[in-house]
Amino acid sequence: MLRNREIQILLAVMGSIGITAAAAAAFFSSVAAIFVFVVSMLFGGSILVFTGWRYRELEKLSAYLRQVSSGNYSLDVRDNQEGELSILKNDIYKMTLMLSEQRSLLQRDKMKLTDAISDISHQLKTPLTSMTVMADLLSSPDLPPAKRSEFTHNIRIQLERIDWLVSSLLKLSKIDAQTIQFKQDQISVKRLIQKALEPVLIPMDIKEQTVSIQGDDHVSFVGDFNWTAEAIINILKNAVEHTDQGGSINISFSENALFTEIVITDNGKGIPKEDLPYIFKRFYRGKNAGEGSIGIGLAMAHSIIASQNGVIDVTSDSQQGTEFRIKLYKQVI
């Protein structure tokens with residue numbers, strides 16, 4: 001402590017003041033000079049003791065911060081006392097808790113990223129392997145024309161699947177990074193449903209499925225038309241995939257003071273109870289998932305709706321069908 005420049009300056013100033021006071025008192029009386037000298041020494045000693053204590057506390061804080069910087073967030077530096085030093089300790093402890101929480105979040109994000117990369121690699125590996133095998137077979141001059149046409153068609157299907165997967169993952173990453181500015185337009189739900197049905201009309205026609213739409217023309221909500229249509233398209237694709245030949249899909253919508261609701265119901269295979277809690281999880285494939293299912297469509301739908309102050313609930317009974325209920329809440333001013 002005595003090697004500290006601040007302490008040296010303090011001692012020099014206090015010594016000068018004490019010597020000056022003692023010299024001034026000596027002009028009046030030697031007893032007064034002794035008294036002033038003793039008081040100055042006691043005063044100086046008290047300050048040194050107090051300063052030494054503060055420096056030891058600061059040294060403890062310094063050691064505490066070094067341990068925190070090395071990754072030990074379990075220490076508690078609080079002393080629940082009054083004074084500026086105690087306030088500093090409490091503030092440092094609060095900052096330590098914040099750092100600990102941020103570290104936990106970063107670790108979770110790292111694990112999610114690792115899992116996502118693993119899932120993506122798995123999803124890409126299967127079609128790539130299949131295309132490699134078929135490409136090798138296509139190079140054979142003895143391959144019959146019918147098989148050549150079949151393999152070429154299958155390769156095109158796999159390429160479309162990879163293109164859809166990459167496109168969907170890019171959309172999800174943009175939503176997660178909050179780089180998408182969702183529009184705030186007044187959207188007619190009837191027009192939205194008509195737009196979302198366009199990509200699934202042909203698959204429905206092939207499976208001879210029927211669709212019914214119920215709702216008033218004036219029902220609307222504030223949101224992004226194209227992104228909301230993307231979410232509903234994915235839900236409708238799921239309904240078409242899991243509804244048998246000749247099945248039906250019902251779409252209804254309504255509006256109240258709190259939210260606009262869209263309900264999509266099918267009479268298909270249903271979702272097993274053990275799968276319901278996970279159907280919005282990325283790359284999750286339930287027991288009734290189709291062979292080409294990747295498990296990303298419903299996850300995207302959930303992310304899009306949630307980003308627009310909405311929620312999706314699902315109920316399902318095995319062999320009786322599934323109901324998706326979308327609620328888009330109105331903004332409170």
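The questions and answers below concern a predicted model.

Reader: Why is glutamine 158 called buried?

Author: Buried means under 20% relative accessible area. Glutamine 158 has 17% relative accessibility, so it counts as buried. Its place is in helix 4, residues 145–176.

Reader: What does glutamine 158 touch, not counting residues up to four places away in sequence?

Author: Glutamine 158 touches Pro127, Ser130, Met131 and Met134. Contact means heavy atoms within 4.5 Å.

Reader: How do you know that strand 2 and strand 4 pair?

Author: Two strands pair if at least two bridges are found between them. Strand 2 and strand 4 (residues 248–255) have five bridges, in the parallel sense, and therefore they pair. Threonine 210 has serine 248 in strand 4 as its bridge partner.

Reader: Which strands form the open sheet, and in what order?

Author: Five strands form it, in the order 2-4-5-7-6, with mixed pairing.

Reader: What makes strand 2 and strand 6 edge strands?

Author: Strand 2 (210–214) and strand 6 (310–317) each pair on one side only. Neighbouring strands of this sheet are turned by 10° against each other on average, direction ignored.

Reader: Which strands does helix 5 touch where it packs on the sheet?

Author: Helix 5 (residues 189–197) touches strand 2, strand 4 and strand 5 (259–266). The direction of helix 5 makes about 155° with that of strand 4.

Reader: And which strands does helix 7 touch?

Author: Helix 7 (residues 225–242) packs on the sheet and touches strand 4, strand 5, strand 6 and strand 7 (321–329). Its direction makes about 20° with that of strand 5.

How values were computed: Residues numbered from 1 in each chain as written. Predicted model: local features only at pLDDT ≥ 70, side-chain atom pairs only at ≥ 80, totals over all residues. Heavy atoms only, no water. Helix = DSSP H or I, 4+ residues; strand = E, 2+ residues; numbered from the N terminus. Buried < 20%, exposed > 50% of the residue type's maximum accessible area, 1.4 Å probe, protein only. Axes fitted to C-alpha atoms, helices over the stretch in contact; angles between N-to-C directions.
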